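Welcome, and thanks for taking a look at this one. Below is a short briefing on a few local features, grouped by topic.

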Amino acid sequence: WAMAPRALGRLPPLLLSAVHRCAPTPRAMTTSCNPAAALPAALAAGFLPSVDTQDSVDEKPVCLFYDLAAWRAGIRSCDAAFGKGFLHALAIKSNPVLSMVKMAVEEGFGVEAASMGEVKIALAAGCPKDKIVLDSPVKTIGELKFALSNGIHINCDNASELERVAKIGSSFPGVVGLRINPCSGSGEIAALSVSTPDSKFGFCLQDEATEEEAVALYRKYPFLNCVHVHVGSGKMGIATLVAGISRVFTFAERVNKEMPGRIRVLDMGGGLGVNFTGNDPQATFPEYAERLRAAIPKLFPSHPDCPFEHVVTEFGQALSAPSGWLASRVEVVKPSGTPSNVVLIHFGADLCVRQTYTTQHKRRLEVYDGKGAAKTGAEIPHNIAGPLCFQGDMLAKDAMYPAIHANDVVVMRDAGANTLSIYSRHCSRQAPLVVGYDENYKFTVLKPAETYDQVVDFWAGGQAKL
């Protein structure tokens, strides 16, 4: 160990094949991680420094860990389940860490981008332009011109956007789709359900009249060669997902019957759920693919009557969440005016925006002692609170755990998606260190921790004199 972890965290991520091997037994491959097994090795490697000895203003005892073997297993499970003819475009809104996007591209994946910023991340990761899918519902003319001229697949959200595209040109090197809202219903989380009549996304197919309007757009714009659907982003249920895709497949058949060969690509979106509670089994990629094969066999390019050159998927959360976990040392434990002790840690509403501001996105919290062993003993109530300066920054209230003390470790499971990617700048804290590890518990820094100089520079827009 030639360098302390604080020095490691500041080196370029891909130069850091860290030499920490702290667990003797390799693991079997799985698509979800086991923080209890990895935490002792991480602590022994010097990550999450003790709150009693930490003395750097920039260093914090908090880290986002990724089990890279589990993450790759998920990537490969998805690819194998659907077979040939699928372009799996990783939805990096869930996890845009560049070194991991590069790994996905190396595995043959494309990238689904919800903004031009994500397009730029995809390009920086070496993703071929024709494997990038731009889905932003709000694209400027400049963004449309950039994407269309570079052969990037774009999905237009509405008729007005199609008009803009038509003014730019009449033919393009890449794929141009129209997003269809099949109105197939909502899932358990309204904010993630985008196939309802009041959805902000896509062209709504409610009846025969609106379907005819959508077909008319394909007549009007010969450059349209794709149809796009994304039913929802979590807890939708397989039946709802399949129903939405089936509705759009039927629409594509209608268009192709009138205009043979017009729709040559179908983008089926993502939306596969994750077992966040541990008691809510979700379908795996093989199970989802089998349900789709049973309901829509011609969706698959391996079927002799499939009308599509390829089919696009846009999985994000299902690929990244299960392999990631957040960990923080406990900085302080103090009594409150209730029976619950207050446990103050270094992640909360900054990294876990949905978990603190809503009741629909809860995650499992686990507590370990300072060496990484699971806490034991009689349980007492605790309020686990984050570091931001407002009362709502609370991850758990009156939660029962064995007595928690300073320097213990709090872990949030299934935190590999939609944590760092929706990071809040409130209170101007630093974005944390991101670390990956392999099946032998060899650790690699994927993204260094942000420094306070970088925080200041964010607000100064590059104009700060540091």
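This is a predicted model: local features need pLDDT of at least 70, side-chain atom pairs count only at pLDDT 80 or more; totals for chains, interfaces and linings use all residues.

**Positive phi values**

- As background, most residues other than glycine have a negative phi.
- Aspartate 414 is another residue other than glycine with a positive phi, here about 55 degrees.
- Aspartate 414 is found in the loop that links β17 (409-412) to β18 (433-437).
- The relative accessibility of aspartate 414 is 5%, so it counts as buried, the cut-off for buried being under 20%.
- Glycine 151, which comes after α6, also has a positive phi, near 75 degrees.

- Helix α6 covers residues 141-149, and its buried residues include Leu144, Ala147 and Leu148.
- These three residues lie on the same side of α6, because the arc they cover around the axis is only 95 degrees.
- Among the elements that cover the buried residues of α6 are the strands β5 (132-134), β6 (153-156) and β7 (176-181), together with helix α7 (159-168).

**Packing of α3 against α10**

- Two packed helices are described by the angle between their axes and by the distance between those axes.
- For helix α3 (residues 68-82) and helix α10 (residues 285-295), the angle is about 20 degrees and the axes are 8 Å apart.
- That angle makes α3 roughly parallel to α10, since angles under 35 degrees count as roughly parallel.
- The crossing of α3 past α10 is right-handed.
- On the α3 side, the contact is made by Gly74, Ser77, Cys78, Ala81 and Phe82.
- On the α10 side, Phe285, Pro286, Tyr288, Ala289, Leu292 and Arg293 take part.
- Sorted by class, the contact of α3 with α10 has 8 nonpolar, 2 polar and 1 charged residues.

**Contacts along the whole chain**

- Of the contacts in the chain with a separation of 6 or more, 68% come from residues 24 or more positions apart.

How values were computed
Residues are numbered from 1 along each chain as its sequence is written. Side-chain values use heavy atoms; hydrogens and water are left out. Axes are lines fitted to C-alpha atoms, for helices over the stretch in contact, and angles run from 0 to 180 degrees between N-to-C directions. Helices (H or I, at least four residues) and strands (E, at least two) are DSSP runs, numbered from the N terminus. Angles under 35 degrees count as roughly parallel, over 145 as roughly antiparallel, 65 to 115 as roughly perpendicular and the rest as oblique. A crossing is left-handed if the near helix is turned anticlockwise from the far one by less than a right angle, and right-handed if clockwise. Contact means heavy atoms within 4.5 Å. Ala, Val, Leu, Ile, Met, Phe, Trp, Tyr, Cys and Pro count as nonpolar, Asp, Glu, Lys and Arg as charged, and the others, Gly among them, as polar. Buried means under 20% relative accessible area, exposed over 50%, partly exposed in between (1.4 Å probe, protein chains only). The arc is that of the directions from the helix axis to the C-beta atoms.
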